[in-house]
Amino acid sequence: MLSQINTEVDPEFVYNYEQTKFVPPPGKTLLIMGQTVESISEYLENFPNRKIPGGWSAYWGIPEFKGIAESHKNNTGTTQNHQMLVDWFPDTVVHSAMWMVGKWNIATFAGKGDYDKVIKKYAAWAKSTDRPIYLRIGYEFDGPHNELEPESYVKAYRRIVDVLRKKGADNIAFVWHSYASKPFKDYKLSEWYPGDNYVDWVGISVFGHAYGSADFGPYCDNVLNFAKEHGKPVMIAESSPVKGIDKENIEVWNQWFVNFFSFIYNKNIKAVSFINENWQKLSIPGIQHWKDARLYTNEKISEAWFQETNKERYLKRSPELFEQLGYPKH
């Protein structure tokens with residue numbers, strides 16, 4: 001099954017990175033999994049003897065300091081707990097997604113400083129972890145579902161970064177995460193850009209993109225080229241075969257996973273976060289048609305997944321991980 005993956009790297013996407021942090025060495029990709037307490041616990045139960053990934057994902061919302069220092073069950077019916085990832089998984093990174101939308105003036109309030117106290121609490125917590133944190137500020141900023149106006153988003157993003165820096169949270173890498181699909185109101189990608197001094201990484205989402213071929217379309221290409229022009233490494237910040245993994249056949253391997261991994265090689269993707277989730281159990285508006293995409297749904301699929309991700313290319317939990325990422329552990 002692995003032989004179908006195209007491992008050639010397009011030299012166009014091998015370039016020097018500028019003003020960034022915690023980037024894997026050449027030829028390496030940081031492996032991250034997610035995304036809830038329930039799904040992570042279930043993953044560990046089903047794969048007790050597999051190598052632990054290099055990091056785990058967690059989510060929170062800028063209006064409140066919830067799901068960070070302690071558990072918080074949100075409106076999807078699932079639980080978030082950043083501190084659990086720190087306590088359970090030494091020698092791993094934290095992939096932290098900050099929810100911030102245009103609706104209800106959330107981004108506007110953030111830009112005015114209404115949530116500065118929350119950001120300061122997050123800074124103190126982040127510093128206490130003594131590990132790399134990849135923070136996706138207002139993830140999928142250009143997605144129509146988030147209704148973010150570029151001007152208010154950029155103002156909020158910069159204020160958040162300024163507060164975190166002022167508080168000395170130097171172990172945070174700032175991720176500018178695009179939906180990599182048709183953008184809200186057809187705004188240009190550059191209109192949402194906070195500037196090179198405020199962005200360490202560029203992120204993309206890969207859901208329906210990977211069905212059909214390893215060409216994920218013009219919107220995704222636009223993000224990749226933008227990252228290259230600005231000298232930023234690219235991560236697949238969220239990914240899942242949302243049409244599901246069938247229990248009885250392995251068609252999804254050829255339809256989605258082969259294209260997914262080929263893209264990682266071809267575009268020199270430096271970090272990848274896979275969401276191991278049964279989407280039908282979540283109460284998320286707009287994606288009720290997404291299906292069960294958990295790896296352990298199909299033994300052959302999971303075995304092929306681990307054969308690929310067990311390669312030395314993918315950085316997993318190890319005592320050497322922080323050094324590989326250039327993080328000076330104190």
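Helices (H or I, at least four residues) and strands (E, at least two) are DSSP runs, numbered from the N terminus, and the expected span of a helix is 1.5 Å times one less than its number of residues. The model is predicted: local features need pLDDT of at least 70, side-chain atom pairs count only at pLDDT 80 or more, and totals for chains, interfaces and linings use all residues. Residues are numbered from 1 along each chain as its sequence is written, and side-chain values use heavy atoms, with hydrogens and water left out.

**View A. Helix 6 (residues 218-229) and its surroundings.** The 12 residues of helix 6 reach 16 Å from the first C-alpha to the last, close to the 16 Å expected at 1.5 Å a residue. Buried residues (under 20% relative accessible area; exposed, over 50%; partly exposed in between; 1.4 Å probe, protein chains only) in helix 6 are Cys 220, Val 223, Leu 224, Phe 226 and Ala 227. These residues cover an arc of only 160 degrees around the axis, which puts them on the same side of helix 6; the arc is that of the directions from the helix axis to the C-beta atoms. An α-helix has 3.6 residues a turn, so residues three or four places apart point the same way. Exposed Pro 218 and Glu 229 lie on the face of helix 6 turned away from its buried side. The cover over the buried residues of helix 6 includes strand 7, strand 8 (201-206), strand 9 (234-239) and helix 7 (251-266), where contact means heavy atoms within 4.5 Å.

**View B. Helix 5 (residues 150-166) and its packing partners.** The 17 residues of helix 5 should span 24 Å at 1.5 Å a residue, which agrees with the 24 Å between its end C-alpha atoms. Among the buried residues of helix 5 are Tyr 153, Tyr 157, Ile 160 and Leu 164. Strand 5 (93-99), helix 3 (106-112), helix 4 (116-129), strand 6 (133-137) and strand 7 (172-178) pack against the buried residues of helix 5. Just after helix 5, Gly 168 adopts a positive phi of about 80 degrees.

**View C. Lining of the largest cavity.** A cavity is a set of points, on a 1 Å grid over the protein atoms alone, where a 1.4 Å probe fits but cannot get out; lining residues have an atom within 4 Å of a point. The largest cavity has a volume of about 40 Å³. Its lining includes Leu 31, Tyr 43, Trp 305, Phe 306 and Lys 316. Helix 8 supplies the largest share of this lining, 3 residues.

Definitions and conventions. 1 Å grid on protein atoms, 1.4 Å probe; cavity = no way out; pocket = protein on both sides within 12 Å on 5 of 7 lines; lining within 4 Å. Points joined across faces, edges and corners; volume = space filled by probe spheres on them.
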